[in-house]
Amino acid sequence: MNEIVGSHDLLLVTLDTLRYDVAEELAAAGRIPNLVRYLPGGAWEKRHAPGSFTYASHQAIFAGFLPTPASPGPHPRLFAARFASSESTADGTFVHDTPDLLSGLAAVGYRTVCIGGVGFFNRRPPLGAVLPGMFRESHWEPEFGVASPTSFEAQVARAERVVAELPQDQKLFLFVNVSALHQPNWFHLPGATADAGDSRATHAAALEYVDRHIGRLFAAASSRRRCFAIICSDHGTAYGDDGYTGHRLGHEAVWTVPYAHFFLDPGASR
């Protein structure tokens with residue numbers, strides 16, 4: 001990462017609440033072709049979430065604790081605050097002397113931009129200002145939120161505008177919290193109704209919706225220079241699994257998440 005930071009733009013996308021099993025099934029079935037073309041080996045990596053709900057998980061991610069590989073470690077991290085005796089800081093880790101990754105990247109010249117999605121990024125109550133407040137620039141509109149059937153399209157359009165307005169020599173760290181997977185998501189499945197509610201099938205349909213538009217985000221992120229991209233879920237969610245619904249709980253469906261990182265070369269397909 002020490003060779004990447006400073007020479008590449010950086011993109012971090014959290015697919016809020018995306019379950020690993022659903023992501024894996026859709027990739028194998030060819031239902032998310034635009035994502036699969038960039039996934040190493042055409043498959044998601046199985047990892048464990050650093051938290052069981054959005055606020056906790058993003059606090060950890062913004063401190064450099066990305067989802068952990070689902071195998072015995074220790075596993076070297078890409079980013080880390082300087083911390084004595086850290087077993088996951090390795091020679092290739094980008095180490096910063098600030099308490100969070102955003103300020104660490106800002107200190108080496110990055111414009112840090114947040115395009116929020118779920119309520120923890122909406123800046124409306126004080127709690128909703130904590131995470132976006134860590135960025136130099138943050139954006140949230142009701143159209144980006146969980147209740148909007150076109151939330152991801154609106155987020156991508158804002159990302160395109162942000163990138164277009166940057167000076168060519170300005171390095172960018174762009175973060176997008178994708179709200180489309182989060183409940184309510186029933187409106188992404190044709191024929192579904194609000195009365196029937198959300199399900200594993202509507203969750204899958206929401207991922208297909210995101211896949212239809214992700215190419216535009218990748219194209220924008222790589223439009224000025226090569227980009228290093230991280231795409232992952234912050235945590236999963238339960239749809240009646242063993243009697244559980246939702247997240248902020250300790251079920252396998254919540255703790256197991258999909259992850260991938262890869263390079264986007266300039267001119268990435270829309």
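**Briefing: a buried histidine and the sheet around it**

H235 is buried, with a relative accessible area of 0%, and the model in which this value was computed is a predicted one. The residue belongs to the loop that runs between β9 (227–232) and β10 (238–241), and β9 itself is one of eight strands that form an open sheet.

**H235 and its surroundings**

- The side chain of H235 is joined to that of D234 by a polar contact of 3.4 Å.
- Once neighbours within four places in sequence are left aside, the residues in contact with H235 include D16, T17 and L18, together with A49, G51, S52, F53 and T54.

**Strand β9**

- Six of the six residues of β9 are buried, so the strand is largely enclosed by the rest of the structure.
- In a regular strand the side chains alternate between the two faces of the sheet.
- In β9, C227, A229 and I231 point one way while F228, I230 and C232 point the other way, and all of them are buried.
- Strand β1 (residues 9–15) pairs with β9 in the parallel sense over six bridges, and within this pairing V13 has I231 as its bridge partner in β9.
- β9 also pairs with strand β12 (residues 256–264), here in the antiparallel sense and over six bridges, with I231 standing opposite A260 of β12.

**The sheet as a whole**

- The open sheet is of mixed pairing, and its eight strands follow the order β3-β2-β12-β9-β1-β8-β6-β7.
- Its edges are formed by β3 (68–69) and β7, each of which pairs on one side only.
- β6 and β8 pair in the parallel sense over six bridges, and T112 is found opposite F173 of β8.

**Helix α5**

- Helix α5 (residues 151–164) has 14 residues and reaches 20 Å from its first C-alpha to its last, which is close to the 20 Å expected at 1.5 Å a residue.
- Its buried residues are S151, F152, A154, Q155, V156, R158, A159, V162 and V163, and what covers the buried residues of α5 includes the strands β6, β7 and β8 (171–178) as well as helix α6 (200–221).

**G128 in the loop between β6 and β7**

- G128 is found in the loop between β6 (110–115) and β7 (137–139), and this glycine is buried, with a relative accessible area of 2%.
- Not counting residues up to four places away in sequence, G128 touches G119, F120, F121, N122 and R123.
- The C-alpha atoms of G128 and V118, which are ten residues apart along the chain, are separated by 9.2 Å.

**The chain overall**

- The chain has seven helices and twelve strands.
- Its radius of gyration is 17 Å, close to the 18 Å that the globule rule gives for 270 residues, so the chain is as compact as a globular protein of that length.
- Along its principal axes, the C-alpha trace spans about 50 × 40 × 40 Å.
- Of the 270 residues, 55% count as buried, and the accessible surface of the chain comes to about 11200 Å², of which 53% belongs to carbon and sulfur atoms.
- Among contacts between residues at least 6 apart in sequence, 71% join residues that are at least 24 apart.

Notes
Residues are numbered from 1 along each chain as its sequence is written. This is a predicted model: local features need pLDDT of at least 70, side-chain atom pairs count only at pLDDT 80 or more; totals for chains, interfaces and linings use all residues. Side-chain values use heavy atoms; hydrogens and water are left out. Helices (H or I, at least four residues) and strands (E, at least two) are DSSP runs, numbered from the N terminus. Buried means under 20% relative accessible area, exposed over 50%, partly exposed in between (1.4 Å probe, protein chains only). A polar contact is a pair of N or O atoms within 3.5 Å; within protein, one must be able to donate a hydrogen and the other to accept it, and residues adjacent in sequence count only if both atoms are side-chain atoms. Contact means heavy atoms within 4.5 Å. Two strands pair if DSSP finds at least two bridges between them. The radius of gyration is taken over C-alpha atoms; the globule rule is 2.2 Å times the number of residues to the power 0.38. Accessible areas come from the Shrake-Rupley method with a 1.4 Å probe; for residues, only the protein chains shown count as cover. The expected span of a helix is 1.5 Å times one less than its number of residues.
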